[in-house]
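Me: I have a model open and want to know what stands behind the words used to describe it. Can we go through them one at a time?

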Amino acid sequence: MTCCNPLKCASMQLVLLACVGAGAAALHLSSADRQRAMIGEFLKRTASEPAGEAAGAGARGAASPDGAPGGAGTPAEGGATGGAVDGAPAPAPFNLAALGESITIEQAWYIYDTLPFLDDANPVQVIFIDAREKKQFDESHIPDAYHITPKSFFDNTLPEDMPFWPEDAVIVVYCTGGDCESSHLVRSRLIHEKQFKRVYVMTAGLPGWIEARLPVESSN
Amino acid sequence: MTNACCTSPSLSSGARLGLLAARWVMAGLFLFSGAAKLGWLEALRGVDLLVPIANQGIDPANFAASVNGFRVLHSDLIPFTAFLIPWLEVVCAAALIIGVATRGAARLIAALLVLFCLAMLSVIVRGMDIDCSCFGKFLGGAVGWRSILRNVVLLAIILPVAHYGAGMLALENRFVSRLADSDR
């Protein structure tokens, strides 16, 4: 079937509109540097680290990034006070400076329990962020964790004290583990919009933390 | 001799009014959807009353993560797709509102809805639990049969426009009558 007039032919209109949309998208994509960087980061993570495997490794207490087994034992063995139970800080089960985006439960526990007390002269501020839904957060979360979701960056519900967080604070974000994207989105926002330097995602999420019998609290 | 692809059947004024309503409802919905995914709703945050609407928005980076969550596209295609889908929605919505290239816009939206349904179906079949981000955060939530049903309803609204055309109050009606005049 041929069309008598391209302006009146639905198929031609469809192609024309698709071209206009594609052109606009291409122009927008080429000019949106920050968005492109964030998307690239998500994709890099997805390609290099299947979420299911990462979650499993975290829950089991994986080896450190340099291949050495974790030196502090499983977090559960440390109990609620972990490596600092005998008063002496436990040796780091990993090289903090070499950490990538994702960390294991064991590494998160070290950051939570030991890192803030390593150097009294230059204390490291450690911040845990729960990126799950509010209802889930209220039910249980890591003690003293903040509740920040990707939406918080849009609706101005970020913590009031966030402007006072030091740029070099060690921030750990978690959600429900597995395929959960929220923690990665929050991490990306913290790095790209808030300029924090050391933001990590605990890939096993709160389920992995609970499985390792580490402390949680509820909002009630 | 008339050509089927260029002509619309003559319709009663009630039917034309119905087409106008369908056109504008879908245009409003898809304009909102595209704007929400492109982060344009942030512009509304300055007005207190509109903050709840602004809160429904995401941006291409968040939308890309949602598209990636479907695991149906190669990662190289994700960035462009995250911009392409909302832009197609905005362009089609604009065409539907003013009534230009209406049938093409309606068909393109119908095609998008069918593609979304297929992607959602594949998610359900694979037993995945992911967020839809279908209209930003508005009508969002987990992908499931409900979201497919919603798309089927939207498809039922847009298909008459794709078949019969703009109805009343469309710029293209003026163009068509002028073209017809010039043909004589």
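Me: This is a predicted model. What makes helix α3 (residues 60-70) of chain B largely enclosed by the rest of the structure?

Reply: Ten of the eleven residues of α3(B) are buried, so the helix is largely enclosed. Those buried residues include B:Pro60, B:Asn62, B:Phe63, B:Ser66, B:Val67 and B:Gly69. Just after α3(B), B:Arg71 takes a positive phi of about 55°.

Me: Why is B:Ala101 called buried?

Reply: Being buried takes 20 or more other C-beta atoms within 10 Å. B:Ala101 has 29, so the residue counts as buried. B:Ala101 lies in the loop between α4 and α5 (102-125) of chain B.

Me: What is the phi of B:Ala101?

Reply: The phi of B:Ala101 is positive, about 50°, although the residue is not a glycine. Most residues other than glycine have a negative phi.

Me: Why does A:Arg213 count as partly exposed?

Reply: A residue is exposed at 12 or fewer neighbours and buried at 20 or more, with partly exposed in between. A:Arg213 has 14 C-beta neighbours inside 10 Å, so this residue is partly exposed. A:Arg213 sits in the segment after α8 (205-211) of chain A, and its phi is near 60°, a positive value in a residue other than glycine.

Me: Why are α1(B) and α4(B) called roughly antiparallel?

Reply: Angles over 145 degrees count as roughly antiparallel. The axes of helix α1 (residues 13-37) of chain B and helix α4 (residues 78-98) of chain B cross at roughly 150° and come within 8 Å. The two helices are therefore roughly antiparallel to each other. Among the residues making this contact are B:Trp24, B:Met26 and B:Phe30 of α1(B) and B:Trp87, B:Val90 and B:Cys92 of α4(B). By class, the contact has 14 nonpolar, two polar and three charged residues.

Me: Which hand does the crossing of α1(B) and α4(B) have?

Reply: α1(B) passes α4(B) in a left-handed crossing.

Me: Which residues touch the most other members of the largest nonpolar core?

Reply: In this core of 97 residues, A:Ile129, A:Val172, B:Cys92 and B:Ile109 do. α4(B) gives the most to the core, with 14 residues. Leaving out residues up to four places away in sequence, B:Ile109 touches B:Met26, B:Phe30, B:Cys92 and B:Ile158.

Me: How many helices and strands does chain B have?

Reply: Chain B has seven helices and one strand, in the order α-α-α-α-α-β-α-α from the N terminus. Of its 184 residues, 45% count as buried.

Conventions:
Residues are numbered from 1 along each chain as its sequence is written. Chains are lettered from A and ligands numbered from 1 in the order in which they are written. This is a predicted model: local features need pLDDT of at least 70, side-chain atom pairs count only at pLDDT 80 or more; totals for chains, interfaces and linings use all residues. Axes are lines fitted to C-alpha atoms, for helices over the stretch in contact, and angles run from 0 to 180 degrees between N-to-C directions. Helices (H or I, at least four residues) and strands (E, at least two) are DSSP runs, numbered from the N terminus. Angles under 35 degrees count as roughly parallel, over 145 as roughly antiparallel, 65 to 115 as roughly perpendicular and the rest as oblique. A crossing is left-handed if the near helix is turned anticlockwise from the far one by less than a right angle, and right-handed if clockwise. Two residues are in contact if their C-beta atoms, placed from the backbone, lie within 7 Å. Ala, Val, Leu, Ile, Met, Phe, Trp, Tyr, Cys and Pro count as nonpolar, Asp, Glu, Lys and Arg as charged, and the others, Gly among them, as polar. A nonpolar core is a set of buried Ala, Val, Leu, Ile, Met, Phe, Trp, Tyr and Cys residues joined through C-beta atoms within 7 Å.
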